[in-house]
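Me: I would like a close look at one part of this model, the place where its two chains come together. Please take me through that part carefully and then relate it to the spaces found elsewhere.

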Amino acid sequence: MNLHAVRAIYHFEMARAWRTLMQSIVSPVLSTSLYFIVFGAAIGTRITEIEGVSYGAFIVPGLVMLSLLTQSISNASFGIYFPRFTGTIYELLSAPVSPLEIVLGYVGAAATKSVILGLIILATAGLFVPLRIEHPVWMIVFLVLTAFAFSLFGFIIGIWADGFEKLQVIPLLLITPLTFLGGTFYSVNMLPPFWQAVSMFNPVVYLVSGFRWSFYELADVNVGLSVAATFGFLGLCLAAVWWIFRTGYRLKT
Amino acid sequence: MTPIIAVSNLSKTYASGFQALKRINLEIRRGEIFALLGPNGAGKTTLISIVCGIVNPSEGEVLVDGRDIAAHYRAVRSMIGLVPQELTTDAFESVWATTSFSRGLFGRPPNPAHIQKVLRDLSLWEKKDNRVMTLSGGMKRRLLIAKALSHEPQILFLDEPTAGVDVELRKDMWNIVRALRDSGVTIILTTHYIEEAEEMADRVGVIAKGELLLVEGKEALMRKLGRKQLTLQLRERLAEVPASLAKYKLELGAEGNTLVYTYDTQAERTGITALLDEMGGAGIGFVDLHTDQSSLEDIFVDLVRKTR
């Protein structure tokens with residue numbers, strides 16, 4: 001295995017995050033703080049608690065998940081799209097690296113950035129509301145698996161996109177609505193039965209539910225289903241990436 | 001000696017149906033500078049892109065150091081450095097960071113001393129902490145060479161290395177390439193500047209419309225295909241070439257005061273002595289004479305014209 005290459009790609013991508021600190025870290029933390037003010041302080045005065053957890057604390061796992069999904073996709077898609085856009089991808093394609101090493105470098109760095117961001121948001125949330133984490137190991141497992149799965153998804157978008165506009169289409173038109181409708185700011189059980197049934201088709205529900213369970217042991221769906229959904233999405237993304245490298249889709253002519 | 005690169009029956013047809021390469025056979029010798037000449041769209045970049053792993057071949061085989069480029073891609077690619085035609089660089093990185101990145105990508109452990117040497121050799125050391133976007137075009141071109149040399153390759157592909165580069169920098173580049181060859185690196189150079197091939201190459205290949213028209217040692221090529229001409233400045237004007245000199249196929253200048261004799265450089269006898277004797281016998285005197293040999297450019301233009 002070409003570990004030097006994995007390290008080179010990983011460090012290169014991480015260096016970009018530090019160079020763009022405002023965009024990578026400060027901006028998502030600021031957005032999350034605003035969510036706390038708007039949803040926690042304003043709406044929280046009307047909904048005091050959900051199943052024994054204060055509303056402000058209840059939305060923390062959903063907020064972390066919201067940032068985790070959007071940032072994982074954004075980091076990974078930009079990471080691979082930018083060399084394609086500038087033409088520096090020639091170097092990657094002519095290097096003695098396997099698809100696995102490329103994915104480990106790019107997706108590993110994107111997932112690392114998202115996990116760091118998730119932890120920073122958690123720490124920020126701790127300043128606003130009292131936090132309780134019942135299953136810290138499961139919390140980390142959900143955090144890392146989701147970051148990795150959605151970074152893989154972002155990597156696929158970065159390969160598929162042939163312009164900056166396309167890079168934004170799926171995160172804006174698909175992921176953000178699914179996240180907002182996936183129980184980020186509410187419990188799915190609060191919805192009328194019809195919309196509860198519809199929500200079960202939203203994969204983000206399973207991610208948010210599992211993650212929230214690791215905090216408060218509150219879940220909209222069985223935690224086993226949440227783990228299975230996370231692994232299922234990860235598996236789908238891995239299969240798509242495998243196909244991309246096998247066919248050279250959008251990489252090689 | 002085994003060729004360092006052996007290309008057999010290599011063809012490439014793009015999805016659009018455009019056939020960029022047609023059954024190319026080519027061997028590159030270890031330690032040589034090989035110039036691949038051809039007009040725009042001839043297939044030069046496609047050929048080197050296939051060898052480097054950037055483009056998939058449609059059919060054929062490429063061996064590098066005796067190993068198949070697909071089956072042994074790790075071993076093969078770690079031997080190769082590529083300087084692309086376009087100035088594609090990481091604009092926001094520093095010179096040092098992007099060069100070190102290339103070394104790691106090609107599987108070599110960090111070696112700051114080597115990176116320093118490469119940057120010094122290419123006159124980039126003073127700029128090592130500068131962002132790439134602040135460099136001039138010539139510096140960016142040198143940076144691409146530095147990146148390609150960062151992992152100490154045995155083969156270096158230079159795709160149009162002096163395209164858009166001023167004369168002074170072009171000469172600097174030639175010196176760099178010669179120094180690399182002297183250090184044992186095999187260099188494959190694609191260019192449409194004939195002067196570049198004439199100046200540097202050991203052997204020349206001419207490609208046009210995806211077909212390799214010829215591969216020859218540069219000197220041999222010029223001997224074989226080069227015409228030589230003797231131009232005589234006459235003492236007195238002639239109205240026409242005398243019939244007695246018809247066998248020499250002389251060309252009379254427009255004003256009647258020059259005679260041009262084209263002869264075969266490889267022939268045992270050039271016929272010059274006999275011509276001068278017969279001119280003397282016919283009473284045609286001359287005040288001056290000079291010879292011209294066709295350049296690689298003339299040869300190249302002739303070859304490419306024949307394919308049209």
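Which residue of chain A forms a salt bridge with Glu93(B), and how far apart are the closest N and O atoms?

Reply: The model is a predicted one, and what follows should be read as a description of that prediction. The residue you ask about is Arg19(A), which forms a salt bridge with Glu93(B), the closest N and O atoms lying 2.5 Å apart. Across the interface of chain A and chain B, the rule finds three salt bridges, and the count of residue pairs in polar contact between the two chains, with both residues at pLDDT 80 or more, is nine.

On the side of chain A that touches chain B, H1, H3 and H4 of chain A each supply at least two residues, and H1(A) gives the most, with six residues. Sorted by class, that side of chain A has twelve nonpolar, eight polar and four charged residues. Taken as a whole, the interface brings 24 residues of chain A into contact with 30 residues of chain B, and the two chains bury about 2,500 Å² between them, with 58% of that area on carbon and sulfur atoms.

The largest share, eleven residues, comes from H3(A), and by class the lining of the largest pocket divides into 19 nonpolar, 16 polar and eight charged residues.

The structure also holds four cavities of 30 Å³ or more, and the largest cavity contains about 70 Å³ of space. The residues that line the largest cavity are Ile5(B), Val7(B), Leu26(B), Ile28(B), Leu36(B), Leu47(B), Ile48(B), Val51(B), Phe157(B) and Ile188(B), and strand E1 (5–13), strand E2 (19–28) and helix H1 (44–52) of chain B each give two or more residues to that lining. H1(B) gives the most, with three residues. By class, the lining of the largest cavity has ten nonpolar residues, no polar ones and no charged ones, whereas the lining of the largest pocket includes 16 polar and eight charged residues.

Definitions and conventions:
Residues are numbered from 1 along each chain as its sequence is written. Chains are lettered from A and ligands numbered from 1 in the order in which they are written. This is a predicted model: local features need pLDDT of at least 70, side-chain atom pairs count only at pLDDT 80 or more; totals for chains, interfaces and linings use all residues. Side-chain values use heavy atoms; hydrogens and water are left out. Helices (H or I, at least four residues) and strands (E, at least two) are DSSP runs, numbered from the N terminus. Ala, Val, Leu, Ile, Met, Phe, Trp, Tyr, Cys and Pro count as nonpolar, Asp, Glu, Lys and Arg as charged, and the others, Gly among them, as polar. Contact means heavy atoms within 4.5 Å. Buried area is the accessible area (1.4 Å probe) that two parts lose on being put together, summed over both. A salt bridge is a side-chain nitrogen of Lys or Arg within 4 Å of a carboxyl oxygen of Asp or Glu. A polar contact is a pair of N or O atoms within 3.5 Å; within protein, one must be able to donate a hydrogen and the other to accept it, and residues adjacent in sequence count only if both atoms are side-chain atoms. On a 1 Å grid over the protein atoms alone, a cavity is a set of points where a 1.4 Å probe fits but cannot get out, and a pocket is an open set with protein on both sides within 12 Å along at least five of seven lines; lining residues have an atom within 4 Å of a point. Grid points are joined across faces, edges and corners, and a volume is the space filled by probe spheres set on the points.
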